[in-house]
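Subject: Structure for you to look through

Hello,

Here is the structure I said I would pass on. Please open it beside this email and follow along.

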Amino acid sequence: MSSDASLPTDSPVATAAPHHLKSPTGGRQEQFVFAVGVLLSLGLLAAAAYRLYLGSDGDAELMAAARLFLAGVALLSGCRWLSFFVLSFVARVHHRRHAPPDPTHWPLVSIFVPCFNESETIEPALDSLLELDYPRFEVLAVNDGSTDDTLKRARQYEGRHANCTVRVIDKPNGGKWSAHNTAFRRSQGELILCIDADSRLERSSLKHMVRRMCDERVAGVAGQMRVRNRMNLITRLQGLEYLMANGALRLGQGLFGTVLIVPGPIGLFRRSAMEKVYGNYGFTLQDGHDGRMSGPFEGDTFAEDFDLSLAILCHGGRIVYEPEAISRTKAPDRHFALLNQRYRWVRGAIQVLRKFVRRVRQNPRVLSPRLLVWILFTYVPDLFLLPAIYMIGLGFALLLLANGSDLLPLGGWFLAFLLLQSSAGAFFISVHRDDLALLKVLPFYGPYNGLVLNSAWLISVIDEIRGVRMRW
């Protein structure tokens, strides 16, 4: 694998006059909730440190261990959230002060829309693309062996429109990764926008993302995902979760050009960066065999978007986050559908990280310090540490309750975590200009993360250890 950090510099995406954004320091609401979040994080750190300093206080051995464990969890959470608050706020201020410019020449963008049994969603998705405020682009809708009338519905849009051309490609079923590769082979754009067939892009999203490509070091741009079907508790919790993830992770990662995942519902890539990845990691499968098509997307994990993002970062490309580019996506509205989605996400992330370790072993030069720090700071805790900590902490909390311990300290920890999550939710909702009504579901956010999502995590880990065959 090449460690060359440079990307082609002959791109027509050249800089011009700056594009105007809002005030450089951010709104007062953002500043207020940021200050509250920082103070709560510091308070939680101080309380945890004091509890650890007191030690066991003469409790029985098991009870002392439970109290100290909960204090350790509070210490870890306070440190992480304090870091998230500070990095996210700095990233937001930096983005406002250094507004990306308009290009002197808007490049052709190819938009990939992979479809499999998307009869109910393909028409609204294509309608939203036709309304994009962008001078020239092409849409490639790839029907990946659908068994419903997705192909028929997509064909209605085929042809030339005001500022774009729509092409519909029919192929045998081979998976989303293969549909992307098929579109990549047929496309002409210098920039590639990948979306899902149930995505709805806001009109200005593509322009916001292309502006970020004026920096020739940038190889990818992650947009903001929003849940559009906020119809019940499960979908509202996902709406809050998406905002927290976008804010706490992608804002901070984008400050260093190290966004680890360009999400499937809205991600822009530079073609030259994708070609560089394909030149090193391309499959040797016979193209078209069983619906499979080789290309920059690979099908050996459940998370082809994460895999491609990490590969681009390994080549020295930078990936940034653009909060003004919004894709409204449909979230699972039933418990089983949510578990199935998160099973794929968690298992795919584990597979990608294992693949990443193999790449590093083959060529240690691909592992930059900033990439290592962000992986250790985010995915290692989120996938391998925090779920186990939550389960152990829940067990200790139940133990304290069962033994008739004083509920005041336990209630204090619960209240501290709830206040911290509330301030984080308010901050990231404010930054992304979303609906503050989402804060109503915050009391359920802890159980949602700890019980619903952790159950999907547990099944994923067990299946990955057992080597259960992937099913698309």
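Predicted model: local features only at pLDDT ≥ 70, side-chain atom pairs only at ≥ 80, totals over all residues.

Residues are numbered from 1 along each chain as its sequence is written, and side-chain values use heavy atoms, with hydrogens and water left out.

Empty space

Rolling a probe the size of a water molecule over the atoms shows where empty space is left. On a 1 Å grid over the protein atoms alone, a cavity is a set of points where a 1.4 Å probe fits but cannot get out; a pocket is an open set with protein on both sides within 12 Å along at least five of seven lines; lining residues have an atom within 4 Å of a point. Grid points are joined across faces, edges and corners, and a volume is the space filled by probe spheres set on the points.

The second largest pocket has a volume of about 400 Å³. Its lining has 23 residues, and those closest to the centre are His94, His98, Arg212, Gly254 and Val320. At least two lining residues come from each of helix H2 (61-97), helix H6 (205-212), helix H7 (233-255) and strand E9 (318-329). Helices (H or I, at least four residues) and strands (E, at least two) are DSSP runs, numbered from the N terminus. By type, the pocket lining has eleven nonpolar, six polar and six charged residues. Here Ala, Val, Leu, Ile, Met, Phe, Trp, Tyr, Cys and Pro count as nonpolar, Asp, Glu, Lys and Arg as charged, and the others, Gly among them, as polar.

There are two cavities of 30 Å³ or more. The largest cavity has a volume of about 70 Å³, and the residues lining it include Lys176, His180, Cys194 and Glu304. Helix H5 (176-186), strand E8 (267-270) and helix H9 (304-314) each give at least two residues to that lining.

In H7, 17 of the 23 residues are buried (under 20% relative accessible area, with exposed over 50% and partly exposed in between; 1.4 Å probe, protein chains only). H7 is therefore largely enclosed by the rest of the structure. H7 bends by about 30 degrees at Asn246; the bend is the angle between axes fitted to the seven residues ending there and the seven starting there. At the start of H7, a side-chain oxygen of Asn232 comes to within 3.2 Å of the backbone nitrogen of Ile234. After H7 comes Gly257, with a positive phi near 65 degrees.

H5 is also largely enclosed by the rest of the structure, because eight of its eleven residues are buried. Among them are Trp177, His180 and Phe184.

Single residues

Which residue does the side chain of Glu324 contact? The partner is Arg433, through a polar contact between side chains at 2.4 Å. A polar contact is a pair of N or O atoms within 3.5 Å; within protein, one must be able to donate a hydrogen and the other to accept it, and residues adjacent in sequence count only if both atoms are side-chain atoms. Glu324 lies in strand E9 and is buried at 14% relative accessibility. Arg433 sits in the loop between helix H12 (407-431) and helix H13 (445-466) and is partly exposed at 47%. Although Arg433 is not a glycine, its phi is positive, about 55 degrees.

Regards
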